[in-house]
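Keep the structure open beside you as you read.

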Protein chains: 4
Amino acid sequence: MLADLLSTVFERRMRVARTPEDDARSTQELADALVGADGEISGQRLGRLILERFAGMSDDEKREFFGHLAHAMNFDPEAVRSALEDYESNPGRATYARFARAAEPKRQELMRRLNRVPHATGALVDMRADLLRLGEDDPALGALDLDIQHLFSSWFNRGFLVLRPISWESPAHILEKIIAYEAVHAIQSWDDLRRRLEPTDRRCFAFFHPAMPDEPLIFVEVALTQGVPGSIQTLLSEDREGIVAQEADTAVFYSISNCQAGLAKISFGNSLIKQVAADLSLELPGLKTFVTLSPIPGLTAWTAERGLAIDDDPVRVQALAAYYLLEVKRPNGKPRDPVAHFHLGNGAILHRVHAGADLSEKGIAQSAGAMVNYLYDLAAVSQNHEGFATTGAIAASPEVQAASTAAKKHFLEDAGP
Amino acid sequence: MLADLLSTVFERRMRVARTPEDDARSTQELADALVGADGEISGQRLGRLILERFAGMSDDEKREFFGHLAHAMNFDPEAVRSALEDYESNPGRATYARFARAAEPKRQELMRRLNRVPHATGALVDMRADLLRLGEDDPALGALDLDIQHLFSSWFNRGFLVLRPISWESPAHILEKIIAYEAVHAIQSWDDLRRRLEPTDRRCFAFFHPAMPDEPLIFVEVALTQGVPGSIQTLLSEDREGIVAQEADTAVFYSISNCQAGLAKISFGNSLIKQVAADLSLELPGLKTFVTLSPIPGLTAWTAERGLAIDDDPVRVQALAAYYLLEVKRPNGKPRDPVAHFHLGNGAILHRVHAGADLSEKGIAQSAGAMVNYLYDLAAVSQNHEGFATTGAIAASPEVQAASTAAKKHFLEDAGP
Amino acid sequence: MLADLLSTVFERRMRVARTPEDDARSTQELADALVGADGEISGQRLGRLILERFAGMSDDEKREFFGHLAHAMNFDPEAVRSALEDYESNPGRATYARFARAAEPKRQELMRRLNRVPHATGALVDMRADLLRLGEDDPALGALDLDIQHLFSSWFNRGFLVLRPISWESPAHILEKIIAYEAVHAIQSWDDLRRRLEPTDRRCFAFFHPAMPDEPLIFVEVALTQGVPGSIQTLLSEDREGIVAQEADTAVFYSISNCQAGLAKISFGNSLIKQVAADLSLELPGLKTFVTLSPIPGLTAWTAERGLAIDDDPVRVQALAAYYLLEVKRPNGKPRDPVAHFHLGNGAILHRVHAGADLSEKGIAQSAGAMVNYLYDLAAVSQNHEGFATTGAIAASPEVQAASTAAKKHFLEDAGP
Amino acid sequence: MLADLLSTVFERRMRVARTPEDDARSTQELADALVGADGEISGQRLGRLILERFAGMSDDEKREFFGHLAHAMNFDPEAVRSALEDYESNPGRATYARFARAAEPKRQELMRRLNRVPHATGALVDMRADLLRLGEDDPALGALDLDIQHLFSSWFNRGFLVLRPISWESPAHILEKIIAYEAVHAIQSWDDLRRRLEPTDRRCFAFFHPAMPDEPLIFVEVALTQGVPGSIQTLLSEDREGIVAQEADTAVFYSISNCQAGLAKISFGNSLIKQVAADLSLELPGLKTFVTLSPIPGLTAWTAERGLAIDDDPVRVQALAAYYLLEVKRPNGKPRDPVAHFHLGNGAILHRVHAGADLSEKGIAQSAGAMVNYLYDLAAVSQNHEGFATTGAIAASPEVQAASTAAKKHFLEDAGP
């Protein structure tokens, strides 16, 4: 708000036009001008105009704007080729600069200049959300998205993110976003939220970017427990008995939610879990086990494909889930289940499979109620990660391996994997 | 400190090697491995190792390391050419991605991955300072620097910077940096610093980057006065009579200092002055005039070249200074004086020239004691900037124009401009 | 939380008993011991024990505990008389000290020593709330309360209170207290709360005491408007059109709520309104009028007593309300209406009476829907206060005076005031 | 500063007179009026006037002002006697109130009302410093001081104080006060200060009161060491080798300084050491020993009185120091040495005596270079305190006891204790 006030005063004094109406050029022309504009002053005005206009556009207009970026603001192959030859024949600072300029599409500079406008970062993240929504099948928009993703990887570099605890003492305007963004186990109300934040055996942490201080990027909810839990309903029960945090031996990451559609594929989840584990183990030396309680979103889709019945026999459910997580792969050799892919790729161990662990409608539908613990053994995480990345090897407990073997013996007779 | 503790604990638990000794590979090999490393985990370890080793290198070793980045981690022209052809024949997301990857030197990705290490940003800024110091005449290192400059423009985007007032209530570890970095009018002691910060008619503001919270990037010192001052010694006099801030009509930017050699050419000074003017005019509505009291670093060098005597006749000094600032240009048509170039490029007006304004040794030596006020008339700044950028036109007060004309008439007879 | 951790650790290390069970003495005996205890160390332990035990007491036990304070820990008249004589015959530091000690009941020192326990201040405020609830008709408990009130006046001295804005960015655990404590126009839900906090034309401010940082003491809700509003339902309407704060000319204090029953008669409301008016006028120079929109809680009770019909004729309602506020007094000559007493005592002006201004059930019941604006004309507040305090004079607008006169002429014929 | 602005604006709007000149009454008359003034509004004005005038008074005027408080604003014995009789014949709330009012000198209410003025608390602390300085021998001023001390005990109740770490990252305006107030081992310069704050094995903590946020009340400097040190010069040596805080097993409280002359006898040192010990043991679990390195200010004065030579034989010095600390008492049976009295009264143990431990001029002069460690064994502190308070027993290590015995045998032959 102060920042807004400041801009207002400043602009009033500078008598700079503020409203989109007062520039006769199209937004596309403004974008071209911004890339050409010399210096920051008119750049600020142009950038603000473009962002304001974009926010008011219909989907069709947005598509058109993106099209301009994708085509007219792409690099020019001829210019690249010519600059490349110059550089090869006379490699030096000037020829290198010319090549670098030629090989980078102007739209990248456009995004950087837009980002100089106060509060632009969040607006650009939203712009990418629009792009992902509207551009799915258009190869040129796909290329445009690569450029933006490239920039965002730089801007949202792990080194720039800030980890903040979220508690019942956090500002309400942040908390309402936690309610809105929780994607795994929906938060029903402010009272429900309080139950997840206020008890001493509950924690929540989020990554923030300094240029978007009011917007969590991703957050994780944690339960501190004695022993590894096997049911999400029990864990979140309204009338559960809490424990004193200092008595917990286990930290359960029971929900991880990305908040910004426009930051898809700019991954922080990996860092988040490990950083939170580090923070918690510093605060609570009694914590020995860091584990998730995770959904198995693709289980029943796979059993259906395979024509495997998955009824409420817990042993069968467990065995099929273990087999699915351990053995069912994508063409590239990585696990088919996306949540498994995420945690195993981070170096976690497939620790335990629970039947009857999520009896919500969604839980029954996606995994016949099964859930899984991924274990973050900090001493082994690096080696597991390496193995997974190079050979696709999955670290799993003997128990899960045995269940998977049992599945092969007894429950898959009807079909091969 | 907390962050350090965290990493320590985390590393202890992860049993990751910390010290440079325990990896047999050379730093160059580590850099290659980091760019290839899949995932964040080993990346953190590699990145930290590289930064720690670099910090301990001799200049020769640093030169060698930069050489590796400049040559082995450059882009490969053949790969660019081939990816370009693929893209042209089949433009799409995948071919675009391949081209973008080929056209960007691997050292850029190296820098981004190094930057994921906690506190790396400051270390990378220092690394560039080394590069600028060591690489001046080497065209390949010049090209390397272009890449780093390109990345830093993204990371230190104006939208990510934070303006903070610096006062006598600021932390001592920040203040000692203000003492160290003041480049225009040296701060002699903590008492001298206090005289520039504590009175209500003195202000100081600095830009910070969230990833380097303890390091000012650039700062400006401001005096609040009644009327435009014409002498720096009077302005900074120990026994001056202060005024109440609310009574001031003029804000004098009497010193602007860049703090980070590694951020050369990543300019913020422009934004800083305008943002501070905006802040101050909001807080103190009585302020009507925003003006600098600036040195003229190149004046005597120019008079010497021209064989012009510049003695202590104030009229002559003033006239020659006005002429020098207004008429003496570089080959590209821009002012030869670097400070003039900076402020006039920002849209300021050449307002008044003072003889006998800086009687320090340095002031006498560089400009025969003359100084100049550049006026930031916020209503005209945009138009002045535009004129300067397009036609090289310099906005100057009638007074300065008259002085310059007088110089032409009376004091340049001995030689042409 | 940190503070709690600290005490825990410290106590563990000091092997001090924590639980109430481990001291065989009664709470009354502990209280006597605490007043006698030499030094802080055992005092901390005793104090904590007493506060913990008190929190677990039944009302009967609390009454008994208060009885001990009221009687056994009262001053001793004989000791006072003897010390007084000593002092008179030999006035000096030592005899004065003895007199002062004799004349102050030991329970005052007890309260001070209890207050050294971390977080005790809030517990003692709650203790007084119990005392007020349980001790109403007991003269000895009344005397005890005088002592506590005396101490609280010192501890909650205006100079120690901190004014903080409450906004939608405030911590949730503070906001839930705002919901709970709003006593004038109940807040129905978090959404309702947001409507009162988030728009730029809505503000809220509370006083806090540094020793109870999570507990607002009193808060005021403010609407920024153009012109003086005459209906609370319109002001709080869900679908009202907001304005930009900078366009407002009027600040309406539409609700003031005390939060702590245990701070009854320790008045801050007066300071709160004036401080908030000062803050707002600094931030928004466009504000010219500071006014309340207040209930008239005693109106229909009075008309009923007087046998006056008060139907829905707005003119009649307004006239009777004006007369009631202006002319109906307590035996001590001050206004009978408690809200009128508060604001007029603060130096406000009886500005305007509105019929049909509060159509809630409560509003109809207590005042036939009428409300009143008290105007805080900062230039006149001191003089009004003085007049009210010395002669009981009420400052009122000509409009209200006219309405009251009309009441006398037309609507009171049935009875004298 | 903001607060000042606020008052300014508010006052401007309220058109309240600010300057002392505009009230014809004497300060004494203003004080009488303030106690009588009904309500806060004129009270604020009167209070400010009184404080402003007091600040400008000469010592003689201050003495006169204090005399007024001591005599004219004392209680009235006749009124006390009469109120006491009323209360005895009819004990109740009203008669109790009358008695309490009669028995409390009006000057207490005066101080409370003065304290409502913004920033008054610090001014009143300074006022008491003046009183202590000017009133030493006047019994009536002594009685006045008792009243103020009584009030300050309430205002500066331990429960209201805030412990803050002081570091090289603390605000400069706080640090300059640390330099100014260090009373035990003077801080020579900002560099010297940095050496005591910046290394990870150095800490400093201070108590603050929320109403005086820029003024430390008392602070303690701590060195983290391996083993118990026996020389202050070694501990503070410029070229000492630091250790990593985590490796320390001992925390040495080597300097405790009171900052406010006006808070004499309002003791916090006791709480400070224990709270800091608790904080440090939480942060650094490796710390096992909490110990002081303290001066023995009265040693050579005592040996001189006793006619005992105290030369540079370290054994003799140690023995005499041990005997002095353990056996030489005031008439009331407590240790004659004030520092010993403080720490032993807090429950510390007389741990070790070092000869040649403070070779500064002051150290040689007061104790022939000897210093002493007082050990805070948190498990024994309560019991030691109790023993000291009830029987005067001093807890001492066998080593110190042996040294004292040796003194008796060998070095005191010339005289009895």
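## Chains, domains and their contacts

In this predicted model, 62 residues of chain B are in contact with 61 residues of chain A; two residues count as in contact if their C-beta atoms, placed from the backbone, lie within 7 Å. On the side of chain B that touches chain A, the elements giving two or more residues include helix H1 (2–14), helix H9 (139–155) and helix H18 (381–391) of chain B. Helices (H or I, at least four residues) and strands (E, at least two) are DSSP runs, numbered from the N terminus. H9(B) gives the most to that side, with 9 residues. By class, this side of chain B holds 32 nonpolar, 17 polar and 13 charged residues. Here Ala, Val, Leu, Ile, Met, Phe, Trp, Tyr, Cys and Pro count as nonpolar, Asp, Glu, Lys and Arg as charged, and the others, Gly among them, as polar.

Residues are numbered from 1 along each chain as its sequence is written, while chains are lettered from A and ligands numbered from 1 in the order in which they are written. Because the model is predicted, local features need pLDDT of at least 70 and side-chain atom pairs count only at pLDDT 80 or more, whereas totals for chains, interfaces and linings use all residues.

How are chains A and B related? A rotation of 180° with 0.0 Å of shift along its axis superposes chain B on chain A, with an RMSD of 0.1 Å. That is the relation of a two-fold axis. The superposition is by least squares on the C-alpha atoms of residues with pLDDT of at least 70 in both copies. Since 98% of the interface residues of chain B are also interface residues in chain A, the copies meet through the same surface.

In chain A, 13 residues of domain 2 are in contact with 17 residues of domain 3. H13(A) gives the most to the domain 2 side, with 4 residues. That side of domain 2 of chain A has 7 nonpolar, 6 polar and no charged residues.
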